Amino acid sequence: MSVDKNTVAKIANLARIAVSEDELEATAGELNNILDWVEQLSQVNTDGVEPMTSVVAAALPMREDKVTDGNYRDQILKNAPAVEQGFFAVPKVIE
Amino acid sequence: MSSLFQGATGDWEVVIGLEIHAQVISESKLFSGASTKFGAEPNTQVSFVCAAMPGMLPVINEECVRQAVRTGLAMGCQINLRSVFDRKNYFYADLPQGYQISQFKDPIVGEGMLTVELEDGSTKDIGIERLHLEQDAGKSMHDQHPNMTYVDLNRSGVALMEIVSKPDMRSAEEAGAYFRKIRSLVRYAGTCDGNMDQGSMRADVNVSVRRPGQELGIRTETKNVNSIRYMMMVIESETRRQVDVLEAGGTINQETRLFEVATGTTRTMRSKEEAHDYRYFPDPDLLPLEFTQELVDELAAQMPELADAKKARFIKDLHINAYNAGVLVAEKESADYFETLLSATVEKSGKAVSEVGTLVSNWVTGDLFGALKKLGLGINQSPVSIAHAAELITLQIDGTISGRIAKEVFENMLESGKSPETIVEEKGLRQVSDTGEIEAMIDQILAANADKVEEYRGGKDKLYGFFVGQVMKNTGGKANPQVVNKLLRQKLDG
Amino acid sequence: MSDLTKLTLSAARDGLHKGDFSAREITQAHLKAIDEAKILNSYIEVTSDQALEMADNADAMIKGNEAKPMTGIPIGIKDLYCTKGVHSQAASHILDGFKPEYESTVTSNLWNDGAVMLGKTNMDEFAMGSSNENSFYGPVKNPWRATNSDKDTVPGGSSGGSAAAVAADISIAATGTDTGGSIRQPASFCGLVGLKPTYGRCSRFGMIAFASSLDQAGPLTKTVRDAAIMLESMAGYDAKDSTSINIAVPNYEAALSGDVRGLKVGIPKEYRVDNMPPEIEKLWQQGIDWLKSAGAEIIDISLPHTKYALPTYYIVAPAECSSNLARYDGVKYGLRVAGDSLDNMYKNTRAQGFGDEVKRRILIGTYVLSAGYYDAYYLKAQRVRTLIAGDFKAAYEKCDVILTPTAPSAAFGLGEKVSDPLAMYLNDVFTVPASLSGLPGISVPAGLSSDGLPLGLQLIGQAFGEEQLLNAADVLETAAGFSDKPAKWWGA
Ligand SMILES: [Mg+2]
Ligand SMILES: [Zn+2]
């Protein structure tokens, strides 16, 4: 399973990271080095082995249905790069 | 009933599947303690968790889990005692985490089957694939600023139940009936308010077409359709479009589409053009969700009576006809209103439930629904109180007024808001049941219309109505019709 | 008064409680030392005013007889922890200017006990790295240099700033976080004790996530006793973290009996990796001998899937990180780089905001989770992870703790491995298996390399077996008698 330039471009798009055309080749090389190395896992026989879901044996804790949080808009918006009229503002999206 | 679509080159079958998003009724969000109330100022009902601040972690709301189980029980589905939360990864302005916590491989509720009734009285079984719990996204507003989109995270993290049907529907009517059925179930179960205006329920509509008996065609998904009427429009326009494309030799793209109210048609969503790859994987911040069969049994035992059971009971115990019973249980609010009015009437009149059931059901489905429809109001906005309605029906039961006068009084109640007793007193509408008074009047009328009496006795039966009309006219409609009948028959036939 | 910065945590505690010096005095001494050690780049934010204020509160607690062991102890906090109103940026450009409006649970616990924050320590960006060269704020220099060398060495990573700060006596102790060895490996490189507790022992709430199923908070300290004291303050159940475990926190310091007679110490044969430097091999043998002389029973064990731990880790951790780091998108906080559309704003922000190693891991993680590859990579890795955890389970049928080297080498030169990610990843070969299994591990300084650089030995314990683990580490520490300090080449 070797990663080519197109695949890198596709992954980079999924991950929303700009990778310029001339970086694609080098990035593909780096990723292939790592992927070739992790490939050795295919040697392990995992027939009938359950994938790990959690290292700790415990049940999912649940909380009561009560309003205990929120109502601090200033703190929510305080670190935002762009705020307009109490909203987060981002470049316009055309659906 | 044939639901095939006639194309230019022959018949097509439309195949429909629905993914219904139903907002869970809960005080706080699925994974945070922020409020779920509708209509707050932007970004006020947001916690650091909802805003995906660095280092924030989800903790599940137990009531949302219970609501999902209740809904699963209401739909008669398999309840899974172990389910897993997964992350669905994608970027969007109103998705602060960059992923939605949802359930992918192991949902909380599994398969089931619903039977829906169609207009022609036939029924159709529609399979349910699953119900899973997931977070809602925030809200993007694209029309507030010329070059910016505004994002409000109040909805971010609110619990949704996604109810996925099998592709078992074959017409817009079936889809509509299925949606209504789900809506009724969640409202009866108290798990979703079904309020489509506020976005509490919306559907992703999957449509494909094929030649009858052929393999499934390629489907399109029209997102977030928020009314049953629109959903039916989506199905109709999408069917037509797909058939046109295929008949012209084209192919259908598997894509996400958007419904445009203005044109009543769908179009490709520009921002979602790229193929999605959601990279689902189990959320490492959450352990698998596990609960016991005892919890399920406990919730099942506490389940309120659902529409189908209620309808059967109305027919059996209250002797209401099937049509009225069906109309009453269609909406939980109507059923609730009816049952409240019924017990108020029983109390007021001292009669048994089975004696007044029919009268009350007729009044609700006929007079009340007719008036509300004219006024454009919902059952919960009725301008007539339960107490006044019970009083009105009781006046009829005890013979104080006739059914015809009752309609007149009701009209007046709607206008004046006065109690029916007051109206009857003020307008002197009390029914005349005094035999002597009515007898005297009948004698007078028969004397004044001797020719007609002659004709009637000669076999012109139809004239009977004329005599009744005359009596009612002379008493301003207040004469007790039973008394009038009895005396008229005696005088004319005796 | 002797130099207050040279004190261990336990000595400082005792001195504070006896009134030998005040929290303000010890805090001031450290702030001065920090100022003189800027060249190490171990702090990226020094919170002097807040530190003095906290010290005064600590002094009041001591006066009011409300002192706890951590009261008045000046510590460094890894920049991965969210600290209210203070720089909390995971040493990343993408979190520029971010000051959280909330406090992490672990730091809250420390402050409640009266600890004093000196500042935020440098680290590999988002805790991804083993040398602390992946920081937006530049690399951290290890106070240790090879004998007769003026070449800089790395402090290890990702908690390199914390480790360097403790090693240079510019904090008494520091918090770290360990995902695949990020506390233990820098501890080994800097001649310190570094403890990664059992997964679920410390809350992850408010700790900027790298790989959620692996991340764990822990202390970097001068001694095992110090680690016991600090862990007790940091640990505890937290309802805000669904993976936090509701088990009472024991008195860890009380567990240090100094007695390991009869303790079964497992020696995994698979840790004898190819090309292991002889001095590491020798040190390991020495550790075995020390514990044996102290009365422990040495048992050969097998952890057969050890060699697959690193590749497993480099699938699981990037997969989780690719999702955890999706929230850094220029919308809610931190850096935003303009773009002509929402997507281009995202892409530009993330391209410029993340460093190379972070981007590399996000891309790897995105790839292994993507359609068509999920089963072959992610699911496969999670199955192998089950086998790795199973190895430990089987081993603990036979032994109580496991002894291994911490890292395959001593600290290497700054810049030496930056261009070879795979070589860098191999640093964690001995620490990653315990991380994948959620087990506690501790690195104890045990000797010096031929170049005069510190080397650590690792003890791995059973889940929630920190008491036994700390006790064994304490015995190992005593036997090793490591008391070397880096020759001070920095400062005024
Ligand atoms: Mg959908
Ligand atoms: Zn959904």
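Predicted model: local features only at pLDDT ≥ 70, side-chain atom pairs only at ≥ 80, totals over all residues.
Close-up 1. The zinc ion (ligand 2) picks up three protein donors: NE2 of B:His21, plus OE atoms from B:Glu134 and B:Glu162, lying 1.9 to 2.1 Å from the ion. B:Glu134 sits in strand E8 (residues 123–135) of chain B and B:Glu162 in strand E11 (residues 159–165) of chain B, so this pair ties together parts that are 28 residues apart in sequence. B:Glu134 and B:Glu162 are both buried.

**Close-up 2. The magnesium site, with the zinc ion 5.1 Å away.** Here the magnesium ion (ligand 1) is held by B:Glu19 (OE), B:Asp204 (OD) and B:Glu221 (OE), at 2.0 to 2.4 Å. Along the chain, those donors follow the spacing E-x184-D-x16-E. B:Glu19 belongs to strand E2 (residues 10–23) of chain B and B:Asp204 to strand E12 (residues 201–210) of chain B, so the two tie together parts that are 185 residues apart in sequence. Are B:Glu19 and B:Asp204 buried or exposed? Both are buried.

**Close-up 3. A sheet with strands from chains A and B.** Four strands line up in the order E2(A)-E3(A)-E10(B)-E9(B), forming an open sheet with antiparallel pairing. Strand E2 (83–84) of chain A and strand E9 (139–141) of chain B are the edge strands, each with a single partner, so one side of each has no neighbour in the sheet. Where the chains meet, strand E3 (residues 87–91) of chain A pairs with strand E10 (residues 148–152) of chain B over 4 bridges, again in the antiparallel sense. Look for A:Phe88, which stands opposite B:Val151 in E10(B).

**Close-up 4. The second largest pocket, with a volume of about 1400 Å³.** Its lining takes in 37 residues, and B:Arg180, B:Gly326, B:Val327, B:Ala330 and B:Glu331 are the ones nearest the centre. Elements of chain B that each give two or more residues to the lining include strand E7 (112–117), helix H3 (228–247), helix H6 (322–330) and helix H8 (353–375). Which element gives the most to this lining? That's H2(B), with 9 residues. Sorted by class, the lining of the second largest pocket has 16 nonpolar, 10 polar and 11 charged residues. Domain 1 (5–299) and domain 2 (307–427) of chain B both supply lining residues, so the pocket lies between them.

Terms used: Residues numbered from 1 in each chain as written. Chains lettered and ligands numbered in written order. Heavy atoms only, no water. Donors = N, O, S within 2.8 Å, 3.2 Å for Na, K, Ca; no water. Buried < 20%, exposed > 50% of the residue type's maximum accessible area, 1.4 Å probe, protein only. Pairing = 2+ DSSP bridges. 1 Å grid on protein atoms, 1.4 Å probe; cavity = no way out; pocket = protein on both sides within 12 Å on 5 of 7 lines; lining within 4 Å. Points joined across faces, edges and corners; volume = space filled by probe spheres on them. Nonpolar A, V, L, I, M, F, W, Y, C, P; charged D, E, K, R; others polar. Domains from an automatic or database assignment.
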